[in-house]
Amino acid sequence: MTQVSNSAVHPAFEKVRSHVIETLHVTVEEYRHKATGATHLHMASSYDENVFLVALRTFPMDSTGVAHILEHTALCGSERYPVRDPFFMMIRRSLHTFMNAFTSSDWTAYPFASKNRKDFDNLLAVYLDSVFFSTLDPLDFAQEGHRLEFETPDDPNSPLVYKGVVYNEMKGAMSSPPSQLWQTLTSHLFPTTTYHYNSGGEPDHIVDLKYEDLKRFYTHHYHPSNAIFATFGNIPAHEHQARFEALALNRFERQQIELPVYDEKRFFAPVRVEQGYAVSEGEPLAHKTHIVMGWLLGHSFDLQEYLESQLLANVLLENSASPLMRALETTDLGHSPSPLCGLEDSNREMTFVCGLEGSEPGRATDLEALVEGVLQEVAEQGVSEERLEAILHQLELHQREVSGDGFPYGLQLLLSALAPLVHGGDPVALLDLEPVLADMRAKIKDPAYIPSLVRSKLLDNPHRVTLTLRPDDQLDGRRQRAIEEALAKRKAALSEEEKQAIIVQARELELRQQRKDDDTVLPKIGLEDVPTQQPEPDGMDADGFPATVYAQGTNGLIYEQVILPLPALSDDQLTLLPLYTTCLPEVGCGDLDYLAMQDRISAESGGIGAFTSAKGRIDDVQDLSGYLVLSGKALARNRSALTQLLRDVFTGARFDEQERIRELIAQVRARREQSVTGSGHALAMGAAAQGLSAGAQLAYRMGGLDAIRRIKALDDALNDPQQLAKLCQQLADLHQRMQEQARQFLVVGEQDQLDAALVELRAAWPLASIKVGESWQVEPVRQQVKQAWLTSTQVNFCAKAYATVPVDHPDAAALSVLGGFLRNGYLHRAIREHGGAYGGGSGQDSVNGTFRFFSYRDPRLEETLQDFDAALTWLQTADHEPQELEEAILGVVGQLDKPRSPAGEAKHAFQNRLFGRTPEQQARFRARVLAVTLDDLKRVASTWLVPEKASIAVITSPQNRSRVEALGLTVEEL
């Protein structure tokens, strides 16, 4: 792969510099717009997935969420596109590979990516108009930000309530203890700068934001003189610049934009703070305190400061063998290391954080003593050069790897360059790490180097905050009463005219939400623009050995997997599988304890992991097959070491280090408990679908709400040494079962590595050692479920699920299209715009043969469940345009064609082959999707989505117990 560059410059721009980064196969070109001073950073590449973003420096000086609400409202209509919702309308009319908008603490960005040039140009036109010529209608501010309404919108005698999409989004986000922990910590570390405030918005402060404040913030910040344009891909920079100029920049002149950009005033002594966070009333408070220590470090845009801080954070926290991580994992002061542990490097000044969760109030001094003791030890004894080399090896591997399986690779590069651009640093130096790593390798030879960093950045740095965040089961009640009292007081003070104004606004907003806009003003992609099916990478089977190899452009990395069919397992063993796959790469191996293995893994690879994968047949979701996969990656020079590492872990993993197993279970519990506020919609859908197919039930038991409840019970039980010993033996027995299974292998790398990799595989895994065990069997499942899961949350997550069909059934394509059709035409308006939830939708899961409806961070319960049914009535009774069907089809095709990294493409192709998803089956499904008609949608909905047969699951607060019981839902305590 070679980088592509074109030296032509648009006359409205001047070229600042150009720099080739060989390891990334890109040429970084920096330009400045002559009239406005806007920056354009272009990464010229041969990739055909082109990426664009425009970012504005935004420095809010309060917690009203003005930057976040503006990010939402700016996308609600503009000068050239005066429709109510161009962003979501373009999502439906596009073959984008990514579309979103982000609000960070000090910038707001609007990125998208597409492989289709016509689509890219369409999106660029809409994005530029939305950012620089937004309408900012007051009703959109009321919908997206916040508004007052009567509980019954046209009845001034009913109570006043707050509504708004961002208001509810942030109620959900700030239900998460880690979010509260981070926000509270930064508010004390940064007492005077923009980072003191919550840029997303604190719900109690969001309601103070006025429309006029939003307009002022927009006028001040959303100007090209305050903008950074960034692009990646094979479209030349001058072609982008011609569009920037024609669509936006030619209407602006340079403007001096004053922003509150300055360094924090430094402390002369550490600070200790204690605050409460809300848990459900009556919930036990033991072992729920978070204690963290945070230090303010140097500038993130100073390359030397940045790399030294990264090196120091990795020395202390990279893995379980790192001295500070080891201390935090093994201390009895808390349950497990805090999710905040690490380096925050995106702000102007960096922050280093370490600490514990699952602790008790009053232990802050003990934690400080523990941490200071570890730091003092490192300062006195230093760190071995081998350990430092392993850390630099990880930095090199991370920089070389072409990722992009969840997020476009080009966008990842642009976002990594954004922080230095915002703060005046050098994005090129940050991306071109090769010369910097050489310099670091020389520095680490000095044994005093790391000790000096520990002293200067941490031990001798008084700008430190120790925060104790303790659970308070009365806090939520006090907050709710305060809100209700404030609203009641406000209502009592309203004049008749003001009451009528609230009713009129609610009515006008309702009419605006129901209005059918003229979408012909927006550009679109049609079915005629849909590309033909792209062939999957071809794997080559090795002669006389169960290995498949793929030649892919992996930029000097090699990927290996060991795959084996799951053996016959008892119910208890099935539920242990996720814990087994977590522990397998984290325990000792052979003669090495887990600490030595962590060092070995870090030195020889980019990490190893284990997971299970299970799917039904393409024609029967109840007939499951499942596999265990042990996976690793390494720089090509460590190819042989990676092969041996995977072999050693598979054959020699030890489950006799009981305290290590105990720590890992505690960490799994913490991660799963924290997943509810961020992934509540997925967990609710999983609970609703659990009784509809074998695969859905397996997913629920292994990673759903049931698994969260069971890991909590298991973790509590492991305080008994006998129970811990029993678990370790069960894991060892399960490991023994796995070793009896036949194995096959996957290798992905560049062509010149594959022959040698196969030779090494054959040597490491002689065929004589491979046996065949009993095959895995899972019972078919079909059971209606109606559940309500109670947990500490300020918002709800609602789901309904129906049993449908597998992927090769003729109706699977129509059901897949139906999901987008219902979301686009009804659910988005009903659940998000009208209901105030952050999100909602529907979709077919053909792997498990289920169709699911969902809402995300939702203030409503009963009404949302009713809206799921109303969407089906709307489908059958409303008039529908052909364009609506085409948009839903485009959405499915976009998902089918989503790009992956070179290694990801090969792994995906191999998994398809493993589970019988042949190219012929995929082509059949694609053809059916493109042929779906409106009659097909109505037919499959009436056939498969019968409301009386729906399974229901909601996640809500204990305060709503009586409401969910009235709905006939069985209450489950999380």
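Which residues are linked in a network of salt bridges?

A: The model is a predicted one, in which local features need pLDDT of at least 70 and side-chain atom pairs count only at pLDDT 80 or more, while totals for chains, interfaces and linings use all residues. Residues are numbered from 1 along each chain as its sequence is written, and side-chain values use heavy atoms, with hydrogens and water left out.

The network of salt bridges links Arg662, Arg669, Glu673, Lys712, Asp715 and Asp716. A salt bridge here is a side-chain nitrogen of Lys or Arg within 4 Å of a carboxyl oxygen of Asp or Glu, and by this criterion the structure holds 69 of them.

Another such pair is formed by Asp706 and Arg710, whose side chains meet with an N to O distance of 3.1 Å. Both belong to helix α25 (residues 705–717), and because they are four residues apart there, about one helical turn separates them. Helices (H or I, at least four residues) and strands (E, at least two) are DSSP runs, numbered from the N terminus. Asp706 has a relative accessibility of 15% and counts as buried, whereas Arg710, at 29%, is partly exposed; buried means under 20% relative accessible area, exposed over 50%, and partly exposed in between, for a 1.4 Å probe and protein chains only.

Helix α23 (residues 658–689) lies across β23, β24 (797–803), β26 (850–856) and β27 (951–956), and runs at about 30° to β24. For these angles, axes are lines fitted to C-alpha atoms, for helices over the stretch in contact, and the values run from 0 to 180 degrees between N-to-C directions; contact itself means heavy atoms within 4.5 Å.

The strands named above belong to an open sheet of six strands, ordered β25-β26-β24-β27-β23-β28, with mixed pairing. At its edges stand β25 (839–845) and β28 (970–973), each of which has a single partner strand, so one side of each is left without a neighbour in the sheet. On average, neighbouring strands of this sheet are turned by 15° against each other, direction ignored. Strands of a sheet pair through backbone hydrogen bonds, in either the parallel or the antiparallel sense. In this sheet, β23 (residues 786–790) and β28 pair in the parallel sense over four bridges, two strands being counted as paired if DSSP finds at least two bridges between them. Ala788 stands opposite Val971 in β28.

In one of them, Asp263 joins Arg348, with the closest N and O atoms 2.8 Å apart.

Finally, helix α33 (residues 934–944) has Leu937, Val940 and Ala941 as its buried residues. Seen down the axis of α33, these fall within an arc of 100°, so they line one face of the helix; the arc is that of the directions from the helix axis to the C-beta atoms. Among the elements that cover the buried residues of α33 are α28 (812–834), α29 (862–877) and α30 (882–896).
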